[in-house]
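Hi everyone, thanks for coming. Please take a moment with the sequence and the model on the screen, and then I'll walk you through a few spots.

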Amino acid sequence: MQNITSKIFCYGLSFYIIAFVIPAGTLLAQQRTITGNVKSNTNEPLPSASVKLLDEKSTIISYAISNQKGDFILYIPAGKSSSPLWLEVSYIGYRKQQKPINTNNPAYQFILIPDPNTLEEVKIKNRPYAKHAGDTLSYTVTRFAQKEDRSIGDVLRRIPGIDIAGDGTIYYNGKEIENLYIQGDDLMNGRYGLASKVIRKEMIASVDVIRNHQPIKVLKDKMLSDKTAINLVLKDENSLKASMQATVAAGLPEQYDVSFTPVLLNKRIKMINTVASNNIGTDYRNDFKQPGASNMISNIANDLPEINLSLATTGPPDLPLSSYYFNKSAIVNLNNLYNTKNEVQFKVNIQGFYDKSSMNYSGYSAYYSANDTVNYTERQKNYSEPLELNTSFNVMVNKERYFFNNNLKINVSKETDNSFMNFNDSSFKESLNKTLNEISNDLNWIPAFKGKNIGEFRWLVRYTHNRDILNIGKGYYADVISQQGNYDSVIQQAGMPSLFSNAWFSYKIPGNIIKQEYKFGIITESQQLHTDLGFIKNGLSQPYMGDSGNDLKWKRSDVYISPEYQFERRKLKSTLQLPVSYQYVHYWQQEYQLNEKNKQIVFNPLLKIYYDIGPEQYLSFSYAFKNTFGNIMNIYRGAILENYRTLQANDADLQEKKIHSLSLYYDFRKSVILLFMNAGITFDKITANTIVSTSITDSIQEVIALPYKNSQTNTALNAGISKYFFDLKTTVSLKARLNKHCYEQFVNNELLPFYSTGLLLNARINKKMFQAVSFTYQPTLFWNNATLKENKTSGGMLIYKAFRSEQNLSIGSGILKRLYLELNARHTYSSLSNSNNVQYFFMDSKIQYTTKKKNTDIALNVTNLLNVKHYTLYSDFYNQLSINQYNIRGRMIIIKFAYYL
């Protein structure tokens, strides 16, 4: 099977090169380029002018749209350059103009004259689906909205080229967007999930997708940007009228859901505030996720290491959270923004969350080595009680002469978890207390100097302190060196304060062809890891005898200079970064005679190349080399009991990784016919000086990092297409991903190479029929094979072969004037080698009545109609295979009242 999958992978790569790269290169060699400019008779540029290339029969063989400066680029297809051709330019309110193509003239200037017969006001009854102007593609909301839609998020899911993941992250033509703006403002501080759910579709005129987005005015048209963002354009930015959404729901068994959300969006004031509580499985934590950028330039905070003790080793099932989330949740989410007349913006974001939830499961796990398989069985009931508070205070001035931004964050998180566990026929209780406090301040100042040059100063300071206490009670058998036996309690304590600072100054030199930036900065970082593992028996406390615990201190400093060069010439854009840093790392602990100092010069170059093939299509290539280093969690010597069956320590110097990353991406769009295609290949090779060694016994895994040079590779092929068929009123999307991962690991003192190959296929069809009936069908297929090879040239041993299919179908009918009916069905099928196949079928239904004034919805929701209460999931991770069965929510009947103002 491994040979077959390898062949499939090679054939797929070959097909990609033949189908996309070679034709693109041939096309570039054969096409002839024409450039030009369109202006009015008053010498003003005319953006969004229509430029057509016509043959002798007046057939359109190519077209373009002028950008904000009136410039356009147009390509003559191969074989047409010898035929008589004409350029025709048209613009609303001006007379058309034609010019013949001269083989000796690659550039054309058009001066359009106003048409006196043009009406001063034109009323458009049928608005276009989308229009393209420069780097902006504007979708008309009313063209994609349906009768049953309430929020703009409902509309976004139907727009071709836009895809929304389960956690609310938005993608455009296969790439994650940088942020979601509301009339140009980042109200949600990057946490845009809530906004898409509560902003009514009637408030939004268009959804604008902006490529090469530069939100900083002082940098606009001076420094290149490869960001893609979405801007929700308001219908009336001057309105002071607030909208409001209030819901009250109750049902069986003992279900409730209440919320209150006032919304005010205009040019000066933006406000989205919500207070809500439920126990029907709605997860508010997605509102805390930050898929968008928290700063208009970039996030410069390093991911500080965190302690991660846990009660379980099993994750949640692959079902919608509402299917298995037994919760009692409450949230306060306040987002308020104010723009003064002097262009000073004040913004406050506050999120508070409280929850009580539980999860029951039973599981079987198998861990494979070359000569043995270790099996674990467990049953667990978890209770979780988290409390979170996130606050952000932001002041910003965004003008053409300077940019100023200061963001202060204060976050507090506490969680108390308890569980009842039966592990390999041993029963015991567990408790876990987690605390994480954080405060940070990010200051950013970008002034424009006399002339065109620009400076920048930025300083981020961040302090965090996290503390975890894991308590495993009586009945737990401790199978660790020097401490085997039964105890009344095993307590693992861990705490770590961290301080991080990153400050830099940069000098930017804009130019027409080459743009330069020189950045000088200093990074400092310090942590102290303290852990203590104790055993209590008959009221007496015994320390862990295997080592001296951890009281490890860590300091790191980087002094760096980072030159960046941006090249822009017609169809070609490129960015070259050449950062060089002097890194000093010092960590020490007296008990282990540990006092290590590491000094290195680090060079991490990055090259990006962007090439316009033709109108609305481009190729991008990137190469990056990263020399990264581990952190305090990679070098501590004292063992940490991370959970009831994982004991982890390290016996290696500072981890160092050398990472080579290559990517090639093709983007094709035809906005007039709403066709979007993309394809890409990425390759990563990682070489490390340490390796994970796992010793697996019948009751515990001991994980240790050893000084052993090893490498891993990951190759992925991606492709996608999305098309809206106007006559059928149908959106069709297809996506595919082929992934191959190779890595090595020591298991029970044997070096084992693992190989994993996965193929994912996904489709989505959204069809509107008879103006009142719609359906959405989304199938997903996934294959994954894991192989263990005794050496790199052997055929290897197949550990497992997995297949999973999932089908989602939604049918909605609004044939009756104010009554809407909806039926949702979901079927899953899973098969695993040497295991029984499992399949599930879920159904939900909804009946919604909208009052005559269209401001109130009364809905009856029935979820899990077939009353499925148990769910089995196969999951795999290289040498590990798990089969888990979860208790899930049964049938629920809920009546919901929603009022909109």
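Let's start with the rings: the structure holds 31 aromatic pairs. Here, rings of Phe, Tyr and Trp (its six-membered ring) pair if their centres lie within 6.5 Å; planes under 30 degrees apart count as stacked, over 60 as edge-to-face and the rest as tilted.

One of those pairs is tyrosine 618 with tyrosine 665, where the centres are 6.3 Å apart and the planes are at 50°, so the pair is tilted. Tyrosine 618 sits in strand 35 and tyrosine 665 in strand 38 (residues 656-670), so this pair ties together parts that are 47 residues apart in sequence. On strands and helices, these are DSSP runs numbered from the N terminus, with helices being H or I of at least four residues and strands being E of at least two.

Are these tyrosines buried or exposed? Tyrosine 618 counts as buried at 7% relative accessibility, and tyrosine 665 counts as buried at 11%. The cut-offs, using a 1.4 Å probe and protein chains only, are under 20% relative accessible area for buried, over 50% for exposed, and partly exposed in between.

Next, tyrosine 708 and phenylalanine 746: their ring centres are 5.2 Å apart and their planes at 80°, so this pair is edge-to-face. Tyrosine 708 is in the loop between strand 41 (701-706) and strand 42 (710-725), while phenylalanine 746 is in strand 43 (residues 730-747), so the pair ties together parts that are 38 residues apart in sequence. Tyrosine 708 is partly exposed at 33% relative accessibility, whereas phenylalanine 746 is buried at 15%.

There is also an aromatic cluster formed by Tyr129, Tyr139, Phe144, Tyr172, Phe676, Tyr724 and Phe726.

Which charged residue sits over the ring of tyrosine 665? That's lysine 175, with its charged end 4.2 Å from the ring centre. Lysine 723 likewise has its charged end over the ring of phenylalanine 725, 4.9 Å from the centre. For this I need NZ of Lys or CZ of Arg within 6 Å of the ring centre and within 35 degrees of the ring normal.

A quick word on sources. This is a predicted model, so local features need pLDDT of at least 70 and side-chain atom pairs count only at pLDDT 80 or more, while totals for chains, interfaces and linings use all residues. Residues are numbered from 1 along each chain as its sequence is written, and side-chain values use heavy atoms, with hydrogens and water left out.

Back to strand 35 (residues 617-629), which also holds asparagine 627. Asparagine 627 is buried, at 8% relative accessible area. Its side chain makes a polar contact of 3.3 Å with the side chain of glutamate 656. By polar contact I mean a pair of N or O atoms within 3.5 Å; within protein, one must be able to donate a hydrogen and the other to accept it, and residues adjacent in sequence count only if both atoms are side-chain atoms. Leaving aside residues up to four places away in sequence, asparagine 627 touches Gln600, Val602, Asn604, Glu656, Lys657 and Lys658, where contact means heavy atoms within 4.5 Å.

Histidine 741 is buried, at 15% relative accessible area, and its side chain joins that of glutamine 712 through a polar contact of 3.0 Å.

Where is the cis peptide bond? It joins leucine 252 and proline 253, with omega about -5°. Proline 253 lies in the loop between strand 16 (243-252) and strand 17 (255-265).

Finally, zooming out: the protein chain has five helices and 52 strands. Its radius of gyration, taken over C-alpha atoms, is 30 Å, close to the 29 Å that the globule rule gives for 901 residues, so the chain is as compact as a globular protein of that length. That rule is 2.2 Å times the number of residues to the power 0.38. Buried residues make up 50% of the 901. Thanks, and I'm happy to go back to any of these spots!
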